[in-house]
Amino acid sequence: MRVELLWWDGCPTHPETLEDLRTVLREEGLDAEVELVEVESDEQAARERFPGSPTIRLDGDDAFPCDPGEPFSLTCRVYRLRDGRVSPTPDRDDIRDALRRHAHADR
Amino acid sequence: MRIGDDAPDFSLPDTDGAEHGPDGVTVVAFTCNHCPYALGWHDGLLQVARDYPGVTFLAVNPNDAERYPADSFEAMKERVRADGGWPHPYLRDESQEVASAYGAQTTPDLFVLDANRRLRYRGAPDSDRQGTAWLREALDALLAGQEPARAETEPVGCSVKWKQ
């Protein structure tokens, strides 16, 4: 499985998300390196279909697909934790579910 | 701006068109509509404004609305309207001059001023992404006539979106 973490340096969260992602990959027994992709311009954001930092992609698909009208730009992405709180990083259990869904769909 | 420096005076419009600036002990909170850090801390900061009625609390949105339409003045007005009003004004810093004069780096980035408009606390509301303990400690100290024990912390959030 190809795992990418797209990030922009206007948001300080990608190291935390990277750590969460690596932890979940390890816990799930998935042998995948995380490729880091820095997004540096609005043009690149549009090209990469980058809705904000951080964004996790699994085999090219956004692990947390956005609404169709979501703009692509250099911004910080808003996530919801499972307890309902707004967060700049995805819930670790949501990362786990996304990886499991993707791994299952891959079979 | 360093702790103890005179903070710049200003007057900015709120979402109802009234002008506001520092007055007495004041919290100037640079914030915005779109940043998850600002959104995460929002409820806590509203509660601080409610809990300290003798403190002037000013939320200031300085972000470039051209590149970030969610931070336009209209979007700010709509957000306050949708919430049924806020306990403190939400100000628009269209020129970004106030944010620049204060040296705001992130949303949120807090500046607590004493009654002489001197900077007494600058930084994050707390160490996590929702609490307000550091801000409350600073306000409690100031209102008791003391220096905040923790005068400066690292602001944490999305970068201020400067016009290009």
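The following questions and answers concern a predicted model with chains A and B. Local features need pLDDT of at least 70, side-chain atom pairs count only at pLDDT 80 or more, and totals for chains, interfaces and linings use all residues. Residues are numbered from 1 along each chain as its sequence is written, and chains are lettered from A and ligands numbered from 1 in the order in which they are written.

Student: What radius of gyration does chain A have?
Tutor: The radius is taken over C-alpha atoms, and the globule rule is 2.2 Å times the number of residues to the power 0.38. For 107 residues a compact globule would come near 13 Å, and chain A agrees, with 13 Å.

Student: Which residues of H1(A) are buried?
Tutor: Helices (H or I, at least four residues) and strands (E, at least two) are DSSP runs, numbered from the N terminus. A residue is buried if 20 or more other C-beta atoms, placed from the backbone, lie within 10 Å of its own, exposed if 12 or fewer, and partly exposed in between. On the other side of H1(A), Pro15(A), Glu16(A), Glu19(A), Arg26(A) and Glu27(A) are exposed. The buried ones are His14(A), Thr17(A), Asp20(A) and Leu21(A).

Student: Which element gives the largest share of the side of chain B that touches chain A?
Tutor: Twelve residues of chain B are in contact (C-beta atoms, placed from the backbone, within 7 Å) with twelve of chain A. Helix H1 (36-51) and strand E9 (158-159) of chain B each supply at least two residues of that side. The largest share, four residues, comes from H1(B).

Technical notes. Two residues are in contact if their C-beta atoms, placed from the backbone, lie within 7 Å.
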